[in-house]
Each structure stands twice: as structure tokens, then as C-alpha cells.
Amino acid sequence: MIVFKGFLTITKRNLHMVFLYIVIFLTISIATQKLLGPQNSVSFKPESLNITVIDRDGGELAKGLASYLASYHTIKDIPDDKSILQDRLFYREVYYIATIPENFEEKCLKNKETLPVTKIPGGSSGFYVDQQIDTFLNGVRILNAGGFSVKDAAAQIIKNAGEIPDVTLIDKTGHGGDIPGHAFMYQYMPYIIISILCYTLSYIMLEFNRPDVKKRMQCSALSARTLNLQLFLGYAVIGLVIWFICALMAAIVYGKELLTDPHLPYYLINSFVLTIVALAISFFVSSFLKSDELVSAVVNVLTLGMSFLCGVFVSLEILGKGVRTVAHFLPVYWYEVNNNLIAGNRTLSSSQMTELCQGLIIQLLFAAALLGTALVFRRNQAQSEG
Amino acid sequence: MFFLFKYRFLQTIREVSVMFWALAFPVILGTLFYFSFGSGIESTGEETWDTVKAAVIEEDDSSENAEAFHTFLKEASGKLLKLRWDATEAEALEMLDDGKITGIYYVKDTPSLTVGKNGLGESILTGILDSYNQNFALIQEIASTHPEQLPQAFEALNDYRQTTREETLGGQTLDPNVQYFFALIAYACLSGAFLGVRASFDTQADLSPLGARRSVTPTHKLKLVITDMTVLVLIHFINILILNVYISQVLGISLGDDLPSLILVDFMGSVIGVCMGLAFGSISKMSLSMKMGLSVALTLVPGFLAGLMFGNMKNLIELHCPVINRLNPAAVLSDAFYCLGIYNDMERFTRCLLILGAMSILLFITAFLGVRRESYDSI
């Protein structure tokens with residue numbers, strides 16, 4: 001077990017660095033959870049925002065639009081002065097500014113002109129204001145075509161505004177129809193686990209890949225297979241520790257809510273399989289990396305890129321079909337599919353169980369493929385160097 | 001001085017793999033961003049969202065409203081909405097539970113919808129029901145007061161329009177996802193820190209043979225640090241410019257029309273990134289891998305706080321602890337981009353640049369103080 005021991009010795013020597021990465025990524029993870037939380041990340045419910053309507057027209061339609069929006073949002077009265085508007089937007093005192101131009105009625109109802117709006121980037125709430133304006137202006141146009149005056153039409157739409165459609169929510173998730181908070185934490189766990197493992201293992205493997213060390217190992221009596229097996233064992237130890245720390249973190253942040261969730265074993269199994277994938281990715285990456293400076297660039301591209309494509313930061317639902325098709329070829333996608341499945345259902349039916357197992361198996365296949373490629377590469381390299 | 005500059009430059013660009021990745025990594029990330037949500041309409045948005053599946057249960061189709069809703073659903077069914085008409089209520093509920101459908105519409109006098117959770121598909125279904133209700137109320141109103149105008153009203157109804165367009169305060173139209181690209185450029189600027197840390201190794205005698213060689217020269221340390229900085233800023237600045245050209249020309253994401261100001265922000269960003277690395281590299285005595293690790297923290301954490309991963313982050317910080325946004329170089333950079341691209345606010349833009357300038361000078365002085373008058377034991 002000399003290689004395994006050597007691996008652990010090097011790890012021990014680099015322990016401060018391992019801790020550093022754990023601290024960096026756990027901080028990011030906890031900050032995300034505390035500041036954004038599941039509700040803030042992507043909201044599917046229209047919220048009440050602070051908005052401003054700049055009325056340069058003053059007509060009935062403009063006034064109607066302002067009072068229609070006031071029934072959903074808080075209207076902040078801000079003078080029509082660019083520098084003041086800039087100031088309020090900059091400090092997030094208003095999130096949305098609709099500027100009603102002169103001759104609004106003619107421009108909008110007859111000439112098909114659109115209404116200029118300015119939003120603060122980030123968050124999806126501005127989208128709902130757009131929709132509300134669409135509803136109002138189209139409604140007025142329809143009533144107007146139907147013989148109503150603009151003033152009466154606006155009043156009619158405002159009257160209808162309060163009516164809520166009859167929607168019944170069957171609590172399918174077991175958390176009031178919402179995705180539980182810990183599921184959100186598990187959603188971006190791939191970023192945390194893959195980052196920590198890729199960074200730390202890449203640096204550890206750099207020591208093993210040094211030409212002299214490598215040659216020394218190659219001329220020993222140890223067969224390549226034993227050598228690799230011992231390396232894998234070393235990887236497994238680190239992977240287990242990191243997985244355990246991440247699972248522990250989720251348990252500490254969510255406590256009882258997570259521990260009493262009947263799906264806890266599924267979350268754990270899914271993230272465990274992901275850890276195996278992450279180890280395979282690290283092994284793959286570290287086979288190619290030759291110098292310290294490259295580690296961060298390569299790992300960054302890999303982790304951030306995969307996270308964006310596979311629905312780690314932006315939920316899978318929102319990603320377009322095209323992206324999702326590409327993401328099928330990445331292991332993290334299957335992790336996220338599983339995570340959504342676990343989070344979105346209080347009980348899993350037999351077909352959903354099969355789906356879950358499929359997801360796990362596909363992840364394992366990815367891990368095997370990455371591992372195989374890396375081993376072939378290492379062997380070829382060893383032969384060409386020899 | 002020119003001599004120093006020339007050889008430092010050659011030495012830096014000859015590390016091909018480092019140069020390649022310094023440029024390639026933001027470019028690759030930008031491309032991935034583009035595919036994830038970049039072009040607004042093409043990758044995210046209604047056109048490419050999956051079809052939402054729902055079942056329809058006809059509870060009571062005798063009333064006028066129920067009949068109208070039935071017809072409405074028949075017409076609404078298409079690319080975005082796929083309806084199943086053949087299921088019984090029990091079957092539909094089972095499909096809902098199994099996740100095969102997103103919701104169940106009930107055709108009756110007051111049309112209703114049943115969903116299993118809160119999500120995108122569910123809010124699309126709710127939106128469809130809501131718009132039906134609203135339009136039905138409108139048409140009913142017209143039918144009772146001006147029945148002769150109904151054909152015109154239906155014509156207007158079929159011509160449903162998008163009525164808003166996103167603009168900057170200055171009046172240019174805006175790509176809604178441009179914020180992610182601003183955050184990416186800001187992050188790419190800060191990654192100059194890696195180059196800076198790497199270069200600081202070559203000024204310290206205890207860390208590298210080249211550092212030892214440079215330490216014994218009679219050249220003033222300030223000269224050495226200035227050379228390092230100029231070379232790195234130049235290289236990094238060119239990389240960032242290439243990234244800008246790539247984002248605006250190849251990916252087609254508009255970064256605003258004010259080219260000189262944009263280049264100025266890019267330049268200040270490159271300076272702060274490199275200075276951060278140089279300062280950090282000079283003051284701390286650690287191994288290269290440890291320093292690289294801390295550089296990850298130094299670049300990734302500010303990037304995270306400025307909204308690189310979750311777009312809403314910076315807004316929340318502005319509300320709860322605005323001072324972080326004033327001190328975080330990534331946030332100041334992305335604010336400068338916002339001022340340029342969204343607020344059209346030159347006053348605040350200048351202030352952002354001044355903050356960056358002041359930080360860079362401070363960091364540069366730190367870098368110099370870190371290596372000046374350093375002496376080593378003779379062993």
C-alpha cells in the first residue's frame with residue numbers, strides 16, 4: 001500500500017490547501033442559501049415591486065395604466081429627471097420604470113408602438129410587470145374596438161384586475177407545493193463538490209505527475225493495476241470525506257426539516273453517486289494538467305460551464321430545449337433531473353423510481369467512461385515517455 | 001527600462017499554455033453563457049420551452065361559458081400547450097401525481113385548474129386560464145353593451161400584442177441577459193490576479209531562481225514592479241479586449257455604444273486584477289499552490305457577490321449591506337458596466353472608475369512595499 005500511503009502523505013502535506021478550498025466553496029454555498037434561499041432564486045409568483053411610471057402624456061390611458069399597475073405594485077413618485085431616476089435605480093429603490101411617451105393613446109392603440117421600460121437586471125419579477133402591462137393595453141384596445149371609450153375601458157380593466165382565476169393546488173411536494181429549501185441546496189451541490197474535488201485532487205496529483213516521481217514509480221515492481229487501484233483508494237477516501245462534509249453542512253443548515261424528509265436517503269444516494277462522478281472528473285482532469293497555473297483556469301471552465309448548462313444555478317425548467325439537449329451529454333444534468341424528481345414529489349411512484357435509478361446508472365456510466373479515457377491516456381503517455 | 005520591459009514581455013507570452021488558458025477560459029465560459037441564456041429569445045424563453053402538458057376534464061359543458069372555454073382550449077392547444085381530452089378525473093390525477101402532466105383544466109361554468117406544485121409550467125397554465133377569464137369578461141361586457149361591435153372586438157382580440165420593449169434610460173434597446181456577460185467580463189478582469197501572483201514569484205529571491213537573479217540586480221525594486229505591472233496589464237488588457245470583441249461581434253450581445261468608455265472600464269479592470277495579484281503575491285509568504293488557492297478565493301468570491309452565478313445577488317447586497325458593493329472590485333466593475341449600458345449615468349460611471357483607480361494605486365503601493373528592502377540571510 002505504498003502508493004496509497006504516499007497519496008495520504010501528500011494530502012496531509014497539502015491539508016491547509018484542502019481546507020482552504022472547502023472553506024471557499026462552503027462559504028459560497030451558505031451565503032447563497034442564506035441570502036437567496038429557494039424563494040428568492042427563481043420566483044414563479046408575481047411579487048409586489050417598487051416601480052415608477054413616468055407620465056409624459058397625462059391622458060386617460062396613461063392615468064389608467066398607472067392606477068392599474070398601482071393595484072399590483074407600489075408606485076414610487078419620482079420626478080422625470082434622468083439623474084434622479086439613475087440614482088434610484090442604482091440604489092434599487094425602484095426596480096422598474098415605465099416611461100409613457102406623449103401621444104400615448106395614438107402611439108400605442110393605433111400605431112402599434114411599444115412602451116419603453118427599464119428594469120434592474122437580475123431576478124425574474126420584472127417579467128410579470130411586462131405581462132401586466134400587456135394585459136392592460138391589449139384589454140383596453142379590445143374594449144375600445146368594442147365601442148368603449150378609453151376612459152371606460154381602462155376603468156373596466158381595473159375592475160376586472162382583482163379577479164383571481166380558480167386554481168387548486170394539490171400539495172404534491174409535501175412542502176405546500178413549493179420545492180423545499182434543502183432541495184435548493186442539493187441543486188447546487190454539484191458545483192461545490194466538483195470544485196472542491198477538482199482543485200484539491202489536481203494539486204495533489206501534480207506532485208504524483210512530476211516526471212521524476214512518475215519514473216520512479218514506473219520502475220518499481222508494482223504493477224500498473226495495483227498502482228492505479230491504490231490511487232483510486234486514495235481518491236475514494238478524499239471523496240468520502242468531502243461528500244460527508246457537504247451532507248453534514250446541509251444537515252446543519254436545515255436541521256430537522258432535512259432530517260425528517262422521507263426522501264433524505266435519495267438525496268444522499270444521488271449526491272454520493274455525483275461524488276463518484278466528481279472523482280472521475282478530477283482523475284480525468286489531473287491526467288492532463290501539467291502545471292499549477294492551469295488548474296484554476298481549467299477547473300473554472302469545467303465547473304462553472306457545466307453548472308450553467310446543467311441547471312445548477314439556473315433551474316432546468318427555465319433552460320431552453322436546445323441547451324437541455326446538449327446537457328444530456330453531461331453527467332450533472334442527470335443529477336439535476338434526479339434532484340428535481342426527488343424534490344417535486346412527496347411519494348415516488350414505481351415509474352418514477354425507475355427513472356431515478358436510470359439517472360443514477362447514467363451518472364455511474366459517465367464516471368466509468370471518464371475513468372476509462374483517463375486510464376488509456378495515462379498508459380499511452382507512460383509508454384511514449386518510456 | 002525598455003530592455004526590462006521587452007524581456008519580461010517575451011518571457012510572459014512564451015508560457016504558451018498559461019496564455020492560452022488566460023484567454024480561452026473567459027471565451028469558453030462566455031460561449032456557454034450564450035448557450036444557456038445568452039441570446040434571450042433563442043435559448044431561453046417561450047419559443048424553446050418544452051410543451052406544457054395538461055389534461056382536460058369536461059365536468060359540465062352545458063353553460064355558455066363552459067362551451068366558450070372548451071373552444072378556447074381547443075384553439076390554445078398547439079406548440080406551447082398539449083392537451084389530453086380522453087382521461088377520466090382519476091386517471092388525470094394519477095398522471096398529475098406521476099409528473100406526466102402539469103395540470104388539469106376543468107371545463108364548467110367557472111373554469112378551473114388543478115396543479116401539483118409551484119413552477120414554470122404551472123404558472124404558464126395559470127396564465128392561460130387567467131387570460132381566458134379576462135378576455136371572456138371583456139367580450140361579455142361588449143356583448144351586453146355594444147353587441148354590434150363584437151366582430152371588431154374579436155379582431156382586436158386575435159391581434160394580441162407585446163406592448164413593452166426593454167430600454168436603457170438613454171433609450172437604447174437592451175438584451176435582458178447582458179448582466180451575466182457584464183459579470184463575466186468583470187470576473188475575467190479580476191482573474192488577472194492569477195497572472196499577478198505568478199509574476200510576483202519572479203521578484204522574490206526565496207521563491208524562484210529567477211527571483212533570486214532579479215533580486216541581486218542593482219535595478220530599483222520600483223522599476224521591477226512597474227515593469228511587471230505594465231507588461232501584465234498590457235497582456236491582460238489585450239485578452240479582455242479580445243473577450244469583448246468576441247462577446248459583441250461573434251455572440252452578438254450588445255455591450256453598449258460608448259466604445260471609448262467601454263475600453264476605459266476594460267483597462268481599469270485589467271489594472272485592478274493584475275494589481276490585486278501582485279499585491280497579494282508580494283505580501284504573503286506561501287507556496288505557489290496555496291497562493292493560487294487564495295487567488296481563487298480572491299476572484300471567485302467577489303465574482304459570486306457581484307452576481308456571476310446568481311444574477312440577483314448584487315441587488316440583495318445593495319439592499320442589505322451596500323458598503324460591500326462599493327468595496328468589492330467585481331461589483332464596482334459591473335456597476336461601471338451598468339452605468340454605461342443601462343443607466344447611461346456618466347457621473348456615477350466616473351465615480352466607479354475613480355474607486356477602481358484608488359484601489360489599484362493602493363494595491364500597487366502594497367505590492368511595492370512588499371518587495372522593497374527585502375533582505376535574505378546568507379546561508
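Hi everyone, let me start with A:K112, which counts as exposed, with 11 C-beta neighbours inside 10 Å.

A quick word on what we are looking at. This is a predicted model, where local features need pLDDT of at least 70, side-chain atom pairs count only at pLDDT 80 or more, and totals for chains, interfaces and linings use all residues. Residues are numbered from 1 along each chain as its sequence is written, while chains are lettered from A and ligands numbered from 1 in the order in which they are written.

Back to A:K112. Its place is in the loop between α5 and β4 (115-119) of chain A. Helices (H or I, at least four residues) and strands (E, at least two) are DSSP runs, numbered from the N terminus.

You will find A:N103 in the loop between β3 (96-100) and α5 (104-110) of chain A. A:N103 is partly exposed, because 13 other C-beta atoms lie within 10 Å.

Now the strands, where pairing asks for at least two DSSP bridges between two strands. In chain A, β1 (residues 50-55) pairs with β2 (residues 74-75) in the parallel sense over two bridges, and A:I51 stands opposite A:I75 in β2(A). On the way from β1(A) to β2(A) the chain passes through helix α3 (residues 60-70), a right-handed β-α-β crossover. Right-handed here says that, with the strands pointing away from the viewer, the path from the first strand over the helix to the second runs clockwise. β1(A) also pairs with β3(A), parallel again, over five bridges; there A:I54 stands opposite A:T99.

So which strand of chain B pairs with β4(A)? That is β5 (residues 164-166) of chain B, in the parallel sense over three bridges, with A:V117 opposite B:E166.

Finally, the contact between the chains takes 88 residues from chain A and 88 residues from chain B, counting two residues as in contact if their C-beta atoms, placed from the backbone, lie within 7 Å. On the side of chain A, the largest share, 13 residues, comes from helix α14 (residues 292-309). By class, that side has 42 nonpolar, 30 polar and 16 charged residues. Nonpolar covers Ala, Val, Leu, Ile, Met, Phe, Trp, Tyr, Cys and Pro, charged covers Asp, Glu, Lys and Arg, and the others, Gly among them, are polar.

Note on methods
Buried ≥ 20, exposed ≤ 12 C-beta atoms within 10 Å, placed from the backbone.
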